[in-house]
Amino acid sequence: MSTLLQKPGNLQLSRRPQSRKGTYFVQTWGCQMNEEDSEQMALALEQIGLKPADSIFEAQVVLLNTCSVRRKPEDKAFSLLGELAIVKRNKKDLVVGVCGCMAQLRADEIRHKNPHVDFVLGTGDLSQVGGLVEEALQSRRFQKRVELPERKGAVVDDVPQRHLNRPTKLKSYVPIQYGCDKFCTFCIVPTTRGRERSRSTADIVEEVTALAANGTKEITLLGQTVNSYGKNLVEGRVPFSQLLRQLDKVEGLERIRYMSPYPRDFKMDLIETIRDCPKVMEHVHLPLQGGDDELLKRMHRVYTVEGFVKIVDELRAAVPWMGLTTDIIVGFPGETEEEFQHTLDLVEKVRFDGAYMFIYSSRPGTPAAEMEQVPLSVKKERLARLIDAQNRITQEINDTYVGRTLEVLIEGTSPRNPGMLQGYSREFKMVHFPGNVERQGRLANVKVTGGYGWGVTGELV
Ligand code: SF4
């Protein structure tokens, strides 16, 4: 353990004997950060002696790890809570905890509408989950924990718990930064996850070293604006590029990915790091959101179209076969046909390898929710046009890969075709090729024979 601040809850967890009988189920919505949080919560529950249940309705302890970025996952969480109320009528010892972003944002409403909920735990300190479950199993007193930590300094951390009993995984997520200071007008994250905080560099290096020793070949560093990492650390500022250079030296680790960077903070030192460090993959997921300066201004994205294109040009000049993906919102409040056309034009100009394209979803409490909304029919029609354009570009780019040899980390067999192996290339292309499953977990060179919308096919070299 390096400079860790141990929390009382964590000390308790590590000393508690694993005697409790019972099962748990963690239901997750949302982003990779939530997936990683759920994994940590599951580890905490296993440390108090619970075992995973086969299904949510068989479990004694059910945790809902919620997402507030769009309306749909919130509706799904409330709907599942309704089903669990019925289950609890006949299963009095069922413990229901609501965690994550919706818990942070709507704790009182969740409790008011769902008196069967035992506790609500926001995003601030997930290590409390084991203690909360223990308390709920012993008494029926409702608990609410939604405090967000202070901004200044390294995040209070718990590396030993994060490592303990962590099953060997080929690919692991490693959060390095929490919260966000950017305040995009459409986004609820600064409210649900608080202001930007970074984990200490020593703790991250220690965790990645332990993961690599335990068999992890690829890590994905997570942060809301991951390349803004390292501000406000008590040990002094550590740029994201420096962290990458340190992780590049970790023995046994093969690949480093990260998401999602913020365009304004994507500087030359990071581009040079991608070029120079063999373990840092040649793929960047750079969220564009909109391709018009006025649109970006209303979104409070503090970069311009010209600035975004400059980063792309610099990236491609440094690393010619750079994989580039993005996020684009369609139908942001006030989006005119002309502004949307500028986004389409930019997509044609930049030629992303792929894009996550969404219809704008209004989030109460954000400035954009108060702006003039675009009719749903218009949003749908624009989204269809954008998807058409991007799908064509993806196909065209993937066709240009034919004949190239790609390094692939073999993840296993294709779910659709058990005779084929699959994995991602350094540029984040999904690659399918015939081979023996015994190669799983290894790197392989694959010569591309065909390009498709979903990725490429090839043959082992
Ligand atoms: S950068 Fe913007 S979209 Fe991303 S988390 Fe921060 S506020 Fe939300």
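**Basis**

This is a predicted model, in which local features need pLDDT of at least 70, side-chain atom pairs count only at pLDDT 80 or more, and totals for chains, interfaces and linings use all residues. Residues are numbered from 1 along each chain as its sequence is written, and side-chain values use heavy atoms, with hydrogens and water left out.

**Overall build**

The protein has 14 helices and 19 strands. Both are DSSP runs, numbered from the N terminus: helices are H or I with at least four residues, strands are E with at least two. The C-alpha atoms fill a box of roughly 60 × 55 × 50 Å, taken along the principal axes. With 461 residues, a compact globule would have a radius of gyration near 23 Å, and the protein agrees because its own value is 23 Å. That radius is taken over C-alpha atoms, and the globule rule is 2.2 Å times the number of residues to the power 0.38.

Of the 461 residues, 54% count as buried. Buried means under 20% relative accessible area, exposed means over 50%, and partly exposed lies in between (1.4 Å probe, protein chains only). Contacts here are heavy atoms within 4.5 Å. Among contacts with a separation of 6 or more, 74% come from residues 24 or more positions apart.

**Helix α2**

Helix α2 runs over residues 32–47. Its 16 residues should span 22 Å at 1.5 Å a residue, and the end C-alpha atoms are 23 Å apart, so the two agree. The expected span is 1.5 Å times one less than the number of residues. The helix is mostly covered, with 13 of its 16 residues buried. G49 follows α2 and has a positive phi, near 95 degrees.

S38 lies in this helix. Its relative accessibility is 7%, so S38 counts as buried. The S38 side chain makes a polar contact with the side chain of T28, at 2.7 Å. A polar contact is a pair of N or O atoms within 3.5 Å; within protein, one must be able to donate a hydrogen and the other to accept it, and residues adjacent in sequence count only if both atoms are side-chain atoms. Leaving aside neighbours within four places in sequence, S38 is in contact with V26, T28 and N65.

A42 is also placed in α2. A42 counts as buried because its relative accessibility is 14%. A42 and F25 are 17 residues apart in sequence, and their C-alpha atoms are 8.1 Å apart in space.

**Salt bridges**

The whole structure holds 34 salt bridges. Each is a side-chain nitrogen of Lys or Arg within 4 Å of a carboxyl oxygen of Asp or Glu. Three of them are tabulated here.

| Pair | N to O distance |
|---|---|
| K169 and E39 | 2.7 Å |
| K171 and E411 | 2.7 Å |
| R426 and E407 | 3.4 Å |

Take K169 and E39, which meet in a salt bridge. K169 sits in the loop between α6 (159–163) and β7 (171–175) and E39 in helix α2, so this pair ties together parts 130 residues apart in sequence. K169 is partly exposed at 25% relative accessibility. E39 is buried, at 18%.

K171 and E411 meet in another bridge. K171 is in strand β7 and E411 in strand β15 (residues 405–413), so the pair links distant parts of the chain, 240 residues apart. K171 is partly exposed, with a relative accessible area of 28%. E411 is partly exposed too, at 24%.

R426 lies in the loop between β16 (420–425) and β17 (430–434) and E407 in strand β15, so the pair ties together parts 19 residues apart in sequence. R426 is buried, with a relative accessible area of 15%. E407 is partly exposed, at 24%. Both belong to a network of salt bridges that links E218, R255, R257, E282, E407 and R426.

**Nonpolar cores**

A nonpolar core is a set of buried Ala, Val, Leu, Ile, Met, Phe, Trp, Tyr and Cys residues joined through side-chain atoms within 4.5 Å. The largest has 76 residues, and L221, F240, L247, Y258 and F266 touch the most other members. Helix α12 (residues 305–318) gives the most to this core, with six residues. Not counting residues up to four places away in sequence, L247 touches I204, V205, V208, I219, L221, L253 and I256. Another core, of 21 residues, lies apart from the largest one and includes A53, A59, L80 and L84.
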